[in-house]
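Hi,

Here is the structure I promised to pass on. Have a look at it first, and my notes on what turned up follow below.

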Amino acid sequence: MDASFLQGLFEYDYWANLRALESLQTVSGDAERPRKFFNHILGAQRIWLHRFNSETLAPEPWPALRLEEARAALDELHGQWNTLLAAMTPEKLAGELPYKNSKGQEFKAPIEAVLMHLVMHSVYHRGQVASA
């Protein structure tokens with residue numbers, strides 16, 4: 001797997017997240033549940049970015065964002081992932097990412113698997129947004 005393939009997946013992910021956010025803006029009535037799922041997509045991406053950047057204080061996995069805040073976060077995350085992926089060499093992609101989970105336990109995960117997981121995680125929760 002190369003960085004350009006992953007960049008394409010992350011571009012798709014950004015596009016699809018924008019469509020999901022647009023659909024949330026059309027919901028009349030209670031949209032708390034689908035918003036919660038959507039915001040979790042953003043929370044998870046923030047967490048993994050912090051792990052890639054070796055930052056210790058992890059963001060909230062289930063942030064409570066208003067739609068305007070979610071849009072700003074989505075755009076910001078898109079830029080950060082683009083920067084990270086542009087710096088990925090084949091050697092880095094083949095490596096492992098050491099990180100601590102929310103309980104402080106140390107793990108290592110293959111970088112390619114983490115990046116694929118993020119895209120698949122978004123797909124899953126966008127499905128929950130759509131069904132909610």
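**The largest cavity**

α3 gives the lining of the largest cavity its largest share, five residues. Please keep in mind that this is a predicted model. The structure has one cavity of 30 Å³ or more, and the space in the largest cavity comes to about 60 Å³.

Which residues line the largest cavity? They are F10, D13, Y14, N17, Q45, L74, L77, H78, W81 and N82. Sorted by class, this lining has five nonpolar, four polar and one charged residues. α1, like α3, supplies at least two of the lining residues.

In soluble globular proteins, nonpolar side chains tend to be buried together. Here the largest nonpolar core holds 35 residues, and those touching the most other members are F38, L42, F52, W81, M88 and L115. At least two core residues come from each of α1 (3-25), α2 (32-52), α3 (67-86), β1 (96-100) and α5 (111-131). The largest share, nine residues, is supplied by α1.

Leaving aside residues up to four places away in sequence, L42 touches L65, A70, A73, L74 and L77.

**The hairpin**

β1 pairs with β2 (residues 106-110) in the antiparallel sense, over five bridges. Y99 has F107 in β2 as its bridge partner. The two strands make a hairpin with five residues between them, and in the turn G104 has a positive phi of about 85°.

Happy browsing!

Notes: Residues are numbered from 1 along each chain as its sequence is written. This is a predicted model: local features need pLDDT of at least 70, side-chain atom pairs count only at pLDDT 80 or more; totals for chains, interfaces and linings use all residues. Side-chain values use heavy atoms; hydrogens and water are left out. A nonpolar core is a set of buried Ala, Val, Leu, Ile, Met, Phe, Trp, Tyr and Cys residues joined through side-chain atoms within 4.5 Å. Buried means under 20% relative accessible area, exposed over 50%, partly exposed in between (1.4 Å probe, protein chains only). Helices (H or I, at least four residues) and strands (E, at least two) are DSSP runs, numbered from the N terminus. Contact means heavy atoms within 4.5 Å. Two strands pair if DSSP finds at least two bridges between them. On a 1 Å grid over the protein atoms alone, a cavity is a set of points where a 1.4 Å probe fits but cannot get out, and a pocket is an open set with protein on both sides within 12 Å along at least five of seven lines; lining residues have an atom within 4 Å of a point. Grid points are joined across faces, edges and corners, and a volume is the space filled by probe spheres set on the points. Ala, Val, Leu, Ile, Met, Phe, Trp, Tyr, Cys and Pro count as nonpolar, Asp, Glu, Lys and Arg as charged, and the others, Gly among them, as polar.
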